[in-house]
Amino acid sequence: MPAKSRFTRLDAFTKTVEDARIRTTSGGVVTIASLLIVFYLVWGEWADFRRVVVHPELIVDKGRGERMEIHLNISFPRIPCELLTLDVMDVSGEQQTGVKHGIQKVQLASQSQGGQPIEVRALDLHGDEQATHLDPNYCGECYGPPAPATATKPGCCQTCEEVREAYASVSWAFGKGEGVVQCEREHYSERLEAQRDQGCRIEGGFRVNKVIGNFHIAPGRSFSNGMMHVHDLNNYLDPSQGAHTFTHTIHHLRFGPQLPDDLTKRIGGKTMGWTNHHLNPLDETNQITDDAAFNYMYFLKVVSTSYYPLGWKSKGVPSSQGDSSDLVSLGQHGLGHDGSLETHQYSVTSHKRSLKGGSDSQEGHKERLHAVGGIPGVFFSYDISPMKVINREERTKSLTGFLTGVCAVVGGTLTVAAAIDRGVYEGATRIKKLHQR
């Protein structure tokens, strides 16, 4: 008989000899059932360990000097592209008037012809922009105001667009360009007449400072008159140009990059924290009016939102933020190389009014009065929330938690199975003894 080890007395798992063991049919059934239960519960632990959830956090947004992108797609079926101007301004004093970079317009056929797209081009309708066919010594007259700083030839107005810019610089209305050689050469008034019944769709994106500001789409070229921002409304309100109105449909409006579809499907289930964060509330908004002097205002509350994938670790400021944001191509701002995403959610309230004043008695609100005056158009005023939402992918269990769960499943199941087997065996033994008496 082998010598006993010094650890023998510490053995908590005492054994019985083979001859003292009794195997029963009920014990075999309980064993098989307990193994099936163990496999099922262990599989559930594994699935729980592999499951990824999104945990939202709310923190104070400490970003400084950041910029953000605004992407839009808006149709105006009753006003031609030539009369539409997109302007951006914010409380920091930055203004972008007549935004063209990153913005395209789609000329739409008249509503009577179905309103289908006719032509897509950059937001710049003036042909012969460089006037390359002119005599090199030619210097176009600006008709009163000084030549714009952006003129192709210093001190001269070579194109109709440059004459319009010169007029805007001194806050003069321009009209159809009657008597202006450059506009007659470029057939500016004919272009206006040809587009009279057309509509327009403005689409694209632009970049703004991450501060309180607004952008608007209004008729005519914009310019500053003292401390006021005004538009040249002559062509818009001209009866000969047709009944233009700001009936519009907002197909899409978002701040920052859109969450990719594959990511939305993967984490947009009922069990995930990320559900409807990127359902932009203004998408497919439709507004109809027959009043040319009508104003639509949308007040937006923008909340910075970050998405960090599983295993993401902070590596400092992303390349799409800070001073380097202008180096990132339009549409890529906020997309990290490590799979992270910096974007924005927003809520909205809207208001509309006639510039002629009056009350909302037709809508059942006689007590609601509107001021007289203003600029017709569609205005979006956005405010930046000081809070930031962080959505971080995490596993529901760690590896240690998974192993602990497996041990608990195995130990608990076998303990219960042993108790059941013991009870069945004792019961069968007592019944057998009663029948033998």
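**Close-up views of a predicted model**

View 1. A polar atom of the Gln-182 side chain lies 3.0 Å from the backbone oxygen of Glu-141. Gln-182 belongs to helix 3 (residues 181-185); helices are DSSP runs of H or I of at least four residues, numbered from the N terminus. Because its relative accessibility is 1%, Gln-182 counts as buried (under 20% relative accessible area, 1.4 Å probe, protein chains only). Beyond residues up to four places away in sequence, Gln-182 touches residues including Tyr-138, Tyr-143, Cys-157 and Cys-160 (contact: heavy atoms within 4.5 Å).

**View 2. Helix 7, residues 399-436.** The 38 residues should span 56 Å at 1.5 Å a residue, and the end C-alpha atoms, 55 Å apart, agree with this (expected span: 1.5 Å times one less than the number of residues). Phe-402, Gly-405, Val-406, Val-409, Thr-413 and Ala-417 are buried in helix 7. The buried residues of this helix pack against helix 1 (25-50).

**View 3. The second largest cavity.** This cavity holds about 60 Å³ of space. Among its lining residues are Glu-82, Arg-164, Arg-221, Asp-232 and Tyr-236 (on a 1 Å grid over the protein atoms alone, a cavity is a set of points where a 1.4 Å probe fits but cannot get out, and lining residues have an atom within 4 Å of a point).

**Notes.** Residues are numbered from 1 along each chain as its sequence is written, and side-chain values use heavy atoms, with hydrogens and water left out. In this predicted model, local features need pLDDT of at least 70 and side-chain atom pairs count only at pLDDT 80 or more, whereas totals for chains, interfaces and linings use all residues.

Terms used
Helix = DSSP H or I, 4+ residues; strand = E, 2+ residues; numbered from the N terminus. Buried < 20%, exposed > 50% of the residue type's maximum accessible area, 1.4 Å probe, protein only. 1 Å grid on protein atoms, 1.4 Å probe; cavity = no way out; pocket = protein on both sides within 12 Å on 5 of 7 lines; lining within 4 Å. Points joined across faces, edges and corners; volume = space filled by probe spheres on them. Polar contact = N/O pair within 3.5 Å; in protein donor to acceptor, adjacent residues only side chain to side chain.
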